[in-house]
Amino acid sequence: MELTNLKVINEVLSKNGFSFKKSLGQNFLINPSVCPKMAENALGDADYALEIGPGIGVLTAELAKRSKKTLAIELDERLKPVLSETLAEYENVEVIFGDAMELDLNKIISEHFPEDAKIAVCANLPYYITSPLIMRILESRLPITSLTVMVQKEVAQRMCAGVGNRQAGAVTVSVNYYCEPKYLFSVSKGSFTPAPNVDSAVMSLKIRKEPPVKVLDEKFFFKLIKAAFAQRRKTLLNSVSSGLSIPKERIKEAISACGLKDDTRAEMLSIEQVAELANCLLEHNI
Ligand code: SAM
């Protein structure tokens, strides 16, 4: 089935009485060059695929062609009859219906893939939950090799900006703790039906075997990142002090103990410096 052909898409959707729900981020890919490239990148060093939000199965089919098994998680049960039809020719595909933000993904992986499977996450993510879903997957420490995902262009640019770069935000540092992000290619609005309001991009997040820095308390490390980047125009001193409700004098002490100046801003820090500051604040009981 030619799942990027608008005529085919409209036929199969209208036959099943399906109408797009904007609230679920339902923009389906119709650009035929995108899904094969995503699937190839995802399955370069993996042989099993986990997809979030298959829609009508356009990416699922490309993953199925290149994997031993592809498991897709879709929230919208109205797509059940559609997917049974569009993916009928692939025996190595399974679709589960549920909310990827709620389901126990570790349990699902252990139930649906062999123990030693090399699994890649590949998805055109629903845009209303892009960052929380990526962070949920990373924080759950799923046994996966990488994520190859389509997100809003600005999100990809920010996540792939590199720590210590002007464009970096809290999400840049957080993502870099778990993986190595790489911007792969941009995708225009016209590559979807219906066309979204924003451009998109595909990025690859390769999971690190070990985090690049040692932190004494991960929870506190992420709390510090959030506070440090919450007010981007302010100095690190001011944003951390107000974000963590700690008197300025004590933050000043820790900042200078780490060899940083008072006017340093969060975006100027390397991940090592963020980790050092977090450890220093904890060690000095600040
Ligand atoms: N993969 C298809 C494509 O590329 O054409 C569809 C991508 S569309 C951007 C996002 C898909 O995610 C939709 O099918 C939507 O119903 C589904 N979705 C939205 N929220 C979800 C959630 N919380 N859990 C699982 N799937 C979800």
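**Note on the predicted model**

1. Charge. The mean positions of the 35 positive and 35 negative charges of the chain lie 6 Å apart. Here Lys and Arg count as positive and Asp and Glu as negative, while His and the chain ends are not counted; each charge is placed at NZ of Lys, CZ of Arg, CG of Asp or CD of Glu.

2. Basis. This is a predicted model, in which local features need pLDDT of at least 70 and side-chain atom pairs count only at pLDDT 80 or more, whereas totals for chains, interfaces and linings use all residues. Residues are numbered from 1 along each chain as its sequence is written, and side-chain values use heavy atoms, with hydrogens and water left out.

3. Overall form. The chain contains 12 helices and nine strands, these being DSSP runs numbered from the N terminus (helices H or I, at least four residues; strands E, at least two). Its radius of gyration is 21 Å, close to the 19 Å that the globule rule gives for 286 residues, so the chain is as compact as a globular protein of that length. The radius is taken over C-alpha atoms, and the rule is 2.2 Å times the number of residues to the power 0.38.

4. Burial. Of the 286 residues in the chain, 52% are buried (under 20% relative accessible area, with exposed over 50% and partly exposed in between; 1.4 Å probe, protein chains only).

5. Helix 10. In helix 10 (residues 236–244), the buried residues are Leu236, Leu237, Ser239, Val240, Ser241 and Leu244. The cover over these buried residues includes helix 9 (218–230), helix 11 (248–257) and helix 12 (271–283). Just after helix 10, serine 245 adopts a positive phi of about 50°.

6. Cysteines. The structure has zero disulfides, a disulfide being a pair of cysteine sulfur atoms within 2.5 Å. The closest cysteine sulfur to that of cysteine 35 belongs to cysteine 122 and is 7.9 Å away, too far for a bond. Cysteine 35 is buried, with a relative accessible area of 2%, and cysteine 122 is buried, with a value of 0%.

7. Threonine 4. This residue lies in the segment before helix 1 (6–15) and counts as buried at 18% relative accessibility. Leaving aside neighbours within four places in sequence, threonine 4 is in contact with Ile9, Leu29, Ile30, Asn31, Pro32 and Val58, where contact means heavy atoms within 4.5 Å.
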